[in-house]
Amino acid sequence: MTQNLQIELTGVDKHYGGFHALKDINLSIPNGSFVALVGPSGCGKSTLLRSIAGLESITGGVMKITDEVVNDMPPRRRDVAMVFQSYALYPHMKVIDNLTYSLRLKKTPKAQARKMAEEVAATIGLETLLDRYPRELSGGQRQRVAMGRAIVRRPKVFLFDEPLSNLDASLRVHMRKEIRALHDRLGATSVYVTHDQIEAMTMADHVVVLRAGVIEQQGAPLDLYDRPASKFVAGFIGSPAMNFIPGRTNGDGTSVDLALDGQPTLRLGRPAAANQDVIVGLRPEHLSMASTGDNNFAVRVGVIESTGSTTYVGAGDRNDITVVLSDRRNISVGDRVQLAIDPDKVHLFDPITEAAL
Amino acid sequence: MTRNMNRLYLALAIIFALVYLFPLYWMYVTAIKSGSEIFSYPPTFVPTDPQWGVFAHVWEIRDMGRFIWNSLVIATGTMVLVATLGTGCAYVLARYRNGWINLALFLVLMLQVLPASLMVTPLFVGFSALGLLDYPRFAVILAVTAKAMPFFVILVRATFMAVPAELEEAALVDGNSRIGAFWSVVLPLARNGVLVSAILIFMQAFGEFVYSKSIIQDVSLQPASVGLNAFMGPNTVEWNNIMAYASIYVTPILAAFVLLQQRIVAGLTSGALK
């Protein structure tokens with residue numbers, strides 16, 4: 001099986017002086033998969049990516065690319081391509097020379113390099129821009145050149161460091177699909193760093209959530225969404241973020257009392273330990289407004305924001321319970337409404353360790 | 001209102017420039033005046049009888065070709081040595097950040113503070129011990145290089161710092177070595193700053209006096225600055241000839257500066273890339 005693993009990290013550690021940036025990272029990336037590293041800023045996701053590229057050295061553990069230990073291998077011998085957040089196009093070279101830079105270093109004959117670059121340019125819509133300088137291109141075009149520069153090398157691994165964060169929202173959505181389509185077409189292995197969980201969820205086969213240098217949870221996007229291992233992952237994955245309400249399980253462990261007005265009780269899908277303080281996690285999109293009295297609780301509506309297709313309701317004492325409605329309701333601020341939820345969709349977390357219960 | 005203020009500032013700037021440039025004008029004018037006109041009172045601001053032949057005459061009698069050649073040798077040697085050694089130094093100081101680098105920067109700036117007249121004695125003794133005084137022009141090149149290096153390093157370091165580190169990293173990932181990335185990406189982008197700084201060093205070395213005067217005893221190896229000094233004896237009255245000498249010495253540098261000034265200012269102020 002190991003020959004199917006493109007990248008394998010075992011117990012990888014990284015210290016910057018006294019700062020422990022990566023802690024015991026274990027990660028296996030199969031050939032051809034699209035892996036997203038996601039987390040808040042400063043969580044170590046970029047450091048991890050730069051370590052795979054060889055731009056940072058690791059201080060402990062083993063890093064393998066196609067079964068070869070690369071701990072001390074310089075970037076140029078790792079056969080990985082990287083797309084930078086700032087694109088890092090060589091400003092003194094035309095687009096064509098940016099594209100052929102790596103080929104020229106590999107001593108590819110000039111005509112052949114030119115032909116390869118033109119082919120790549122054609123696939124990503126750059127063919128008319130080859131004789132321009134990067135400063136003469138728009139943000140989206142620069143982004144494409146950065147992609148093309150990576151593609152033309154046919155590397156073992158593509159590394160993306162927040163490549164879409166400098167684009168405007170609509171272009172970002174478009175490029176998201178395009179990068180994923182490109183990945184599928186090339187059959188390449190990709191590692192993609194982003195702070196945007198939507199990018200991670202929509203593009204990746206495998207999502208790795210990092211927090212303070214530790215892998216908090218990894219798995220398929222929907223697994224992370226359905227079965228978050230901790231309160232942190234639950235709050236990070238999904239938009240808008242999950243609602244957290246303190247509560248306490250009842251004597252038989254089949255229901256939980258919420259610390260809200262009137263101590264409403266919610267049934268649980270599967271029993272939990274009895275008489276235990278917990279944090280109850282309810283996804284905004286799993287809450288519905290129900291007039292009937294099945295597994296529901298009453299809250300006061302404080303804020304109503306409608307985008308036309310979707311209505312966001314902020315409810316509760318501090319308007320911190322978010323509800324997403326896809327249909328329009330005749331509600332107004334100050335109303336008391338009943339929120340209902342499927343018992344199987346109630347998440348419980350330990351208030352101290354924050355682990356899922 | 002602001003328009004009038006702007007005019008006022010412009011007028012002030014022109015007045016200051018005139019005051020500042022007056023000695024230069026006086027040099028050129030005195031050079032072509034006749035001996036009696038120089039000492040006439042009140043002084044004439046425009047020469048009544050310009051003596052154009054004075055330049056060729058001075059070039060001939062003072063053997064200026066040799067002096068200028070020596071100045072060129074010293075200035076070129078210094079520029080090449082400073083640029084070769086200083087560029088690498090500036091690059092390292094720009095790319096790494098830690099306590100040792102800060103100490104190195106501090107020491108570099110300290111060197112800049114020490115005046116040449118203070119350094120010349122220990123240098124002379126040291127060079128003498130090493131036998132370098134047998135190659136006096138080379139010895140002067142070494143001394144001026146040491147003097148000019150901090151200025152160059154500080155300027156070029158700023159240029160390198162304006163080149164984003166990500167460009168270099170992109171080159172590394174694209175398959176280049178550190179040195180290769182420096183040559184093919186960093187240096188081309190910092191080229192303007194390096195060239196301009198090198199030209200400034202050349203100009204500084206071309207006018208260097210203290211080290212040349214002390215270290216070069218042989219007249220045939222002395223640069224134009226020392227030659228000019230020797231021209232001005234205690235009882236000299238040949239002001240027109242001396243000013244002609246000075247004009248010949250300074251005009252090429254002045255012309256070069258005027259021609260290049262736009263690039264020099266751009267190279268010093270811009271980050272060399274946008």
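This is a predicted model: local features need pLDDT of at least 70, side-chain atom pairs count only at pLDDT 80 or more; totals for chains, interfaces and linings use all residues.
Residues are numbered from 1 along each chain as its sequence is written, and chains are lettered from A and ligands numbered from 1 in the order in which they are written.

Chain A is divided into domain 1 (2-236) and domain 2 (243-349), the bounds being taken from an automatic or database domain assignment. The centres of the two domains of chain A, taken over C-alpha atoms, are separated by 39 Å. Four residues of domain 1 of chain A are in contact with five residues of domain 2 of chain A; two residues are in contact if their C-beta atoms, placed from the backbone, lie within 7 Å. On the side of domain 1 of chain A that touches domain 2 of chain A, two residues are nonpolar, one is polar and one is charged. In this classification Ala, Val, Leu, Ile, Met, Phe, Trp, Tyr, Cys and Pro count as nonpolar, Asp, Glu, Lys and Arg as charged, and the others, Gly among them, as polar.

The UniProt record, in an unreviewed entry, places the feature "domain: ABC transporter" at residues 7-237 of chain A. UniProt positions are given in the numbering used here, feature names are shortened, and annotations may be inferred rather than shown by experiment. Residues 7-237 of chain A are 36% helix and 27% strand, and the end C-alpha atoms of this span lie 25 Å apart. Helices (H or I, at least four residues) and strands (E, at least two) are DSSP runs, numbered from the N terminus.

Several strand pairings were found in chain A, where two strands pair if DSSP finds at least two bridges between them. Strand E11 (residues 243-249) of chain A pairs with strand E14 (residues 277-282) of chain A in the antiparallel sense over six bridges, and Phe244(A) stands opposite Gly281(A) in E14(A). E14(A) is also joined by three bridges to strand E20 (residues 347-349) of chain A, again running antiparallel. In this second pairing, Ile279(A) stands opposite Phe349(A) in E20(A).

An open sheet of five strands in chain A has the order E15-E19-E16-E17-E18, with antiparallel pairing. Strand E15 (288-289) and strand E18 (321-325) of chain A stand at the edges and have a single partner strand each, so one side of each is left without a neighbour in the sheet. Within this sheet, strand E16 (residues 296-306) of chain A and strand E17 (residues 311-315) of chain A pair over five bridges in the antiparallel sense. The bridge partner of Ile304(A) in E17(A) is Val313(A).

The two chains also meet. In chain A, 18 residues are in contact with 16 residues of chain B. Strand E6 (80-83) and helix H2 (95-105) of chain A are the elements that give two or more residues to the side of chain A that touches chain B. By class, this side of chain A has twelve nonpolar, three polar and three charged residues.

Chain B has twelve helices and zero strands. The C-alpha atoms of chain B fill a box of roughly 75 × 65 × 30 Å, taken along the principal axes. The domain assignment gives domain 1 (1-52) and domain 2 (63-269) of chain B, with C-alpha centres 31 Å apart. Eight residues of domain 1 of chain B are in contact with six residues of domain 2 of chain B. To this side of domain 1 of chain B, H1(B) gives the most, with four residues.

The UniProt record, in an unreviewed entry, places the feature "transmembrane region" at six stretches of chain B, including residues 67-93 and 105-132. Residues 67-93 of chain B are 100% helix and 0% strand, with end C-alpha atoms 37 Å apart. Residues 105-132 of chain B are 86% helix and 0% strand, with end C-alpha atoms 29 Å apart.

The expected span of a helix is 1.5 Å times one less than its number of residues. Helix H6 (residues 116-130) of chain B has 15 residues and should span 21 Å, which agrees with the 20 Å between its end C-alpha atoms. A kink of about 25° in H6(B) is centred on Pro122(B), and just after H6(B), Gly131(B) takes a positive phi of about 80°. For helix H9 (residues 178-206) of chain B, a straight helix of 29 residues would span 42 Å, but the end C-alpha atoms span only 35 Å. H9(B) has a kink of about 60°, centred on Arg191(B).

Conventions:
The bend at a residue is the angle between axes fitted to the seven residues ending there and the seven starting there.
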